[in-house]
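Here is a short briefing to read with the model open beside you. Have the viewer ready, and let us walk through some side chains together.

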Amino acid sequence: HRGNIDVLPLKGQEDELEHKELAFCHLAAMWRYSTLEERTVQVQADPDEQEKSNATTNRNATTTTTMMPRSLGPGFYGDSSSVLMAVHHFNNGMGVVVDDVENIHQRCPLRFTSEFFDTFSSETKTIETITQIVNRGDYKANNDLFQDDSPNGPKPCAVLGAFRSAVSTPLSILTGVYGIPQLSPVSSSPGLDDTSLHPLFSRLVPSDAGTSLLIAKYLL
């Protein structure tokens with residue numbers, strides 16, 4: 001390991017290899033696939049207790065309120081596909097979309113891996129997730145694929161997301177503490193411009209402050 005980067009030495013056929021080692025950057029995408037909704041569910045009484053009381057199931061059933069995920073639909077998976085395509089093009093030097101990426105795998109010894117997590121549009125769930133993955137234990141890349149709930153696995157060298165500014169704000173504070181760059185595609189809150197709180201945060205869209213100024217100039 002070198003910081004947040006995993007480095008793999010390349011052995012064999014050294015004379016034919018332009019690079020003597022490969023660096024792997026693991027991208028943790030904090031994406032939004034669902035949201036949490038408050039739902040009332042029925043909880044059945046213990047069967048043994050029902051038999052003792054000689055009561056019916058419905059009579060002993062109780063209801064409780066819990067938070068359950070609701071899918072936001074297939075459209076929210078399209079962004080994931082674009083990330084996977086970008087990673088594939090970079091790792092294989094395919095310049096079919098971006099000309100400068102052509103054959104970059106021969107010039108650059110960096111490769112990307114990616115992993116996607118559902119934020120559930122929830123600040124709490126997102127913080128729980130990022131805390132778990134940055135504290136993963138060591139793993140061996142040649143072992144069986146790690147599971148999402150495994151305590152071991154690659155640690156992120158960068159975080160993609162989140163979507164909502166309300167989620168990106170606490171997330172970027174934590175990624176700043178851990179020294180992990182974060183890139184959001186759509187979070188536009190002006191508060192995220194505060195580099196003292198969000199030193200490693202960046203985004204693909206301007207903040208609402210700049211957008212509001214342009215709207216006001218247009219209307220005036």
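Phe163 counts as buried because its relative accessibility is 13%, where buried means under 20% relative accessible area, exposed over 50% and partly exposed in between, using a 1.4 Å probe and protein chains only. This is a predicted model, in which local features need pLDDT of at least 70 and side-chain atom pairs count only at pLDDT 80 or more, while totals for chains, interfaces and linings use all residues. Residues are numbered from 1 along each chain as its sequence is written, and side-chain values use heavy atoms, with hydrogens and water left out.

**Aromatic pairs**

- A search of the whole structure turns up four aromatic pairs; rings of Phe, Tyr and Trp (its six-membered ring) pair if their centres lie within 6.5 Å, and planes under 30 degrees apart count as stacked, over 60 as edge-to-face and the rest as tilted.
- One of them joins Trp31 and Phe163, whose ring centres are 5.1 Å apart with planes at 85°, so this pair is edge-to-face.
- That pair links distant parts of the chain, since Trp31 sits in strand E2 and Phe163 in the loop between E6 and helix H6 (165-178), 132 residues apart; helices (H or I, at least four residues) and strands (E, at least two) are DSSP runs, numbered from the N terminus.
- Trp31 is buried too, with a relative accessible area of 5%.
- Tyr33 and Tyr77 make a stacked pair, because their ring centres are 4.6 Å apart and their planes lie at 20°.
- Tyr33 is in the loop between E2 and strand E3 (34-43) and Tyr77 in the loop between strand E4 (62-71) and helix H3 (78-92), so the two tie together parts 44 residues apart in sequence.
- Buried or partly exposed: which is Tyr33, and which is Tyr77? Tyr33 is buried at 10% relative accessible area, whereas Tyr77 is partly exposed at 42%.
- Trp31, Phe116 and Phe163 together form one aromatic cluster.

**Around Ser187**

- Ser187 lies in the loop between E7 and strand E8 (201-203), and with 0% relative accessibility it counts as buried.
- A polar atom of the Ser187 side chain lies 2.8 Å from the backbone oxygen of Phe163.
- The side chains of Ser187 and Ser168 are joined by a polar contact of 2.7 Å, a term for a pair of N or O atoms within 3.5 Å; within protein, one must be able to donate a hydrogen and the other to accept it, and residues adjacent in sequence count only if both atoms are side-chain atoms.

**Cysteines**

- The model has one disulfide, defined as a pair of cysteine sulfur atoms within 2.5 Å.
- Cys25 and Cys157 form this disulfide, with their sulfur atoms 1.6 Å apart.
- Cys25 lies in strand E2 (residues 21-31) and Cys157 in the loop between helix H5 (123-134) and strand E6 (158-160), so the bond ties together parts 132 residues apart in sequence.
- Cys25 and Cys157 are both buried, whereas Cys108 is partly exposed, with a relative accessible area of 21%.
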